[in-house]
Amino acid sequence: MKYDVIAYCWNDALAGFTREDAQRLTHVNLAFGLIKDGLLDLHLLKYLHLLPKLREWNPEMKIVLSVGGWGADGFSDMAMTEEGRRNFAKSCLDAVEKYDLDGIDIDWEYPCNDAAGASQRCIADTQMDKVAEIVDYVQLMTYDMVDGTRAGHHAALGATKGDKSGLNTRDTVEAYHRAGVPYEKIIIGAAFYGRHFEVTSFENHGLLQPSGGGLPGPAYGEITPEYLRENNFQIYWDADAEANYLCNGRTLVSYESPKAVRLKCKYVKEKKLLGIMYWEHGNDPTRELLGAIADEIQ
């Protein structure tokens, strides 16, 4: 079976895209198109002229335009009427034809609420069984999965001991499957960035200790030996969550390591899911994480 490997690629990261990158991927998602006055707006995307080169490097790779992203406005107003939906769809079709795109990825964060994409609230506010009938695949944002009160893993494969929140990849996949999404249409997410939490207790090496929701950062490429040494971080592995983290007694950093993303890829194959995607391509400058995915997903 051939599995999908999808890269979300922020505008500037597209400029650094390489032939080897293209040959490791089945899809690249261009981030982001927006909605302005009910229609597609591409003003953020400065490197669309590079798309023919990507096609040359890997003619089989699908180039998809992602519309939305965190904080993007316009979805609710656009979707409110049939006319609005049709006009928006027509503007998307125009872009597909103009730039020879292979599809549109709707990245509405989030219909009806501001919950994390992997949460039960998101499932409750959408009709995923009906959505699954009309889309090629459903990409689960199995990252940013934190409950906002405790330090913990934001992209874990499993549940850390003592965590009953259900905010992990395995539980999320099962929840979406119960909601009507076939396993073979599910793509899980990997995070090429970390989240850091300030903790007041070193109990359990910081895991599940009182904290805020965790701020973004560092990017995976920033977790260097110098970064670890300067911040006095120790590297830990949580066998239950199947995830790495750092802690120095004051700060906990949840992040994905090559080992963690390899285990996610093994899970994709075990469950016969469609594949794996990641945010964001530019956060892995040495391609260590992408290389781990490409090696394991075969």
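I call a crossing left-handed if the near helix is turned anticlockwise from the far one by less than a right angle, and right-handed if clockwise. Helices (H or I, at least four residues) and strands (E, at least two) are DSSP runs, numbered from the N terminus. The model is predicted, so to speak of local features I need pLDDT of at least 70, side-chain atom pairs count only at pLDDT 80 or more, and totals for chains, interfaces and linings use all residues. I looked up H10 (residues 258-271) and H11 (residues 288-296): they pack at about 30°, with axes 9 Å apart. The axes are lines fitted to C-alpha atoms over the stretch in contact, and angles run from 0 to 180 degrees between N-to-C directions. That makes H10 roughly parallel to H11 (angles under 35 degrees). Their crossing is right-handed. Among the H10 residues in the contact (heavy atoms within 4.5 Å) I noted Val261 and Cys265, and H11 brings Leu289 and Ile293, among others. By class, I found six nonpolar, no polar and six charged residues there. Ala, Val, Leu, Ile, Met, Phe, Trp, Tyr, Cys and Pro count as nonpolar, Asp, Glu, Lys and Arg as charged, and the others, Gly among them, as polar.

**Pocket.** Which element gives the most to the lining of the largest pocket? I found H5, with six residues. I also noted that the lining divides into 27 nonpolar, six polar and nine charged residues.

Methods
Residues numbered from 1 in each chain as written. Heavy atoms only, no water. Parallel < 35°, antiparallel > 145°, perpendicular 65-115°, else oblique.
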